[in-house]
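User: I am new to this structure and would like a close look at one part of it. Please take me through how that part is divided and how its pieces meet.

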Amino acid sequence: MTSNERRAQRSLTRRTLGWGVAFLAALALLWIGIVVLLDPDAITGMIVWLYELVGLRGQAFAIAERGIQEGFIRLVTVVFAILVGVGGVWFLFITGNALIEASPSRARRHLRPWLFILPAAAFLGVYLVFPLVETIRLSVTEDGGFGDNYSFVLTDPAMQIAMRNNALWLVIGTTGSVVIGLLFAALVDRVKREAFAKTFVFLPLAISAVGAAVIWRFVYTWRPPGAGQIGMLNAVWTAAGGEPVAFLQAVPWNNLFLILIMIWIQTGFAMVVLSAALKGVPTELVEAGRIDGATEIQLFFRVVLPTIRGALITVATTIFIAILKVFDIVFVMTGGRFETEVIANRMFNEMFRFRNFGRASALAVVLLIAVIPIMIVNIRNLRRQGIGT
Amino acid sequence: MTAVVDPGTAISLDTTDPAMRRRSPFGRFTHNPVVRISVFVIAFFWTLPTAGILISSFREPNDIRSSGWWEVFVHPFETGQWTLENYGNVLSSAGMGDAFINSLVVTIPATVIPITIAAFAAYAFAWLRFPGKSLLFAIVVGLLVVPIQMTLVPLLRLYGDLGLTGNFLGIWLAHTGFGLPLAIYLLYNYISTLPHEIIESAAVDGASPFTTFTRLVLPLSFPALAAFAIFQFLWVWNDLLVALVFLGTGSRTAILTAQLNELVGSRGEDWHLLTSGAFVSMVVPLVVFFALQRYFVRGLLAGSVKG
């Protein structure tokens, strides 16, 4: 080995060492950041320290004596969290990458992808894969074990109502959203100011389910007979000569009133996707149909619908998944009382209120089983498209 | 069929978007009154409930209690019936002001942090070779539709052991974890369609994969990054379940959705608070909706399958 080569070798080693230290420093900084964020007092301490650092002794004393404004702490916490979360992660990637660049080329090629993947893989592992396996385990070991938990899910009278309601939600909610969405998409295609008209139907999608629940509670609200009705539905109903109805307690129709809220939210989604699909229908196909003398209705059902079948399935599946897990609407509107229980709401109560972790896990597993076919189809499509190979 | 719409697809409500001005071959413009009235009726009924709470939130509490909100149209210009007091009350005494700040505190880091992590992973999946890649990616796609309920019990226990419950850090990390499959998938779809020539010519010019990523891929992926950011922002902002489980309802940490739910439980007949409170919780999503409509629609569509 010539002296030149040796020198190069040494400088490479030194660089590797340097970046190695920097990489460890990045890890340490992330760790410190997490420790600080875990302890609200540490943020106050940090503010005091910063004030002293820039020479604002008076400010630091004032904080030590009188405490600090809650809002200011929160602001500092957010800024700090973004600095640690984004800065720390970038620092980790940059130093890790430099470390890899300094290593021999074979190792470089093999290591780099893992550096890019690892943080994401760690998060997925901790927050999705581990809990997934653990939930399945808990559902067969906690509380009364497998037999107890699953017989509760399948045979308990309250659960049977929940299962029935989930089925109602899935069928009526999905069909309602898709049909109205499709209808509106087809109609709005033929009027002026199409985008403007769509905005109104799309808007509920931006609102939280809790917000939507409050909106609809107001629509359904009830006053005793004789008092002026302030809820829209009861106002219309009594004006038509009916007695006021407590809609949310009217078993079994109350389920329908809750499902209506979901349709109100999801129709916008169906409408936008299906509208885009309608615009993708080949012109020749439609023109050929028109020349053959098909009416617009025939054209729609025989030509247009089969062409947008893919989009229809996508929309229906997506809404199906969303409705399967419906929780907020029921939780806020009725809390599952008056026979409006659904699986996800019951799961929340078993977990959070009654601390029956085994039952809660078994309920979650039921939801998982319902999405497994969709999961399989998605992964299969992935293979067919050759993605990820 | 994939249950996720490609973020690059030009689906939008934006009137300035040329693709939106185009009619479908099926839809010819019509003067048919039935069509126009139907469109109007559906749009009208879809807006009515929201209009009800918006108008009520500006009325005197006594008026809300005694007459329907539609009665303001009898004499809309009688200024005495309008008030801003409900908003003052709901923001201060009903705790929605603090909750608003908490929502921002939760949402901003929970949106920003996953983007970096997901972008690196998506780039590796799209352009680097490593063993086990297709299996890992299949796992990511599988996790896309896993109901969030599947994760709650173990995480609740884990958080209890670590002392993370009721702490903002806990919910940032949780939302990062829950948002990642979608983020990776969405960004992958976009990054993998970038032209080969661009990526390869960068390599020929001696750029390392890291430089290619930061200088070329990230800036080019802006539409997908924005779409995901908006989707994640709204998802976290509007979420109730994760917030209840990991933050609870204490006044120091309750976010808007949790606080509004609390109000429904404790002051369910105080419609002046509920209507104004609901509108406080909706105002940010509505601003995002109107200001960033194009990215908003893409993000929402692309991400609507999230667990």
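Analyst: Chain B is divided into domain 1 (31-83) and domain 2 (92-303), with bounds that come from an automatic or database domain assignment. The centres of domain 1 of chain B and domain 2 of chain B, taken over C-alpha atoms, are separated by 34 Å. Their contact takes six residues from domain 1 of chain B and six residues from domain 2 of chain B, where two residues are in contact if their C-beta atoms, placed from the backbone, lie within 7 Å. On the side of domain 1 of chain B that touches domain 2 of chain B, the elements giving two or more residues are helix 2 (33-56) and helix 3 (61-66) of chain B, and helix 2 of chain B gives the most, with three residues. By class, that side of domain 1 of chain B has four nonpolar, two polar and no charged residues; Ala, Val, Leu, Ile, Met, Phe, Trp, Tyr, Cys and Pro count as nonpolar, Asp, Glu, Lys and Arg as charged, and the others, Gly among them, as polar.

This is a predicted model, in which local features need pLDDT of at least 70 and side-chain atom pairs count only at pLDDT 80 or more, while totals for chains, interfaces and linings use all residues. Residues are numbered from 1 along each chain as its sequence is written, and chains are lettered from A and ligands numbered from 1 in the order in which they are written.

Taken as a whole, chain B has 15 helices and zero strands, helices (H or I, at least four residues) and strands (E, at least two) being DSSP runs numbered from the N terminus.
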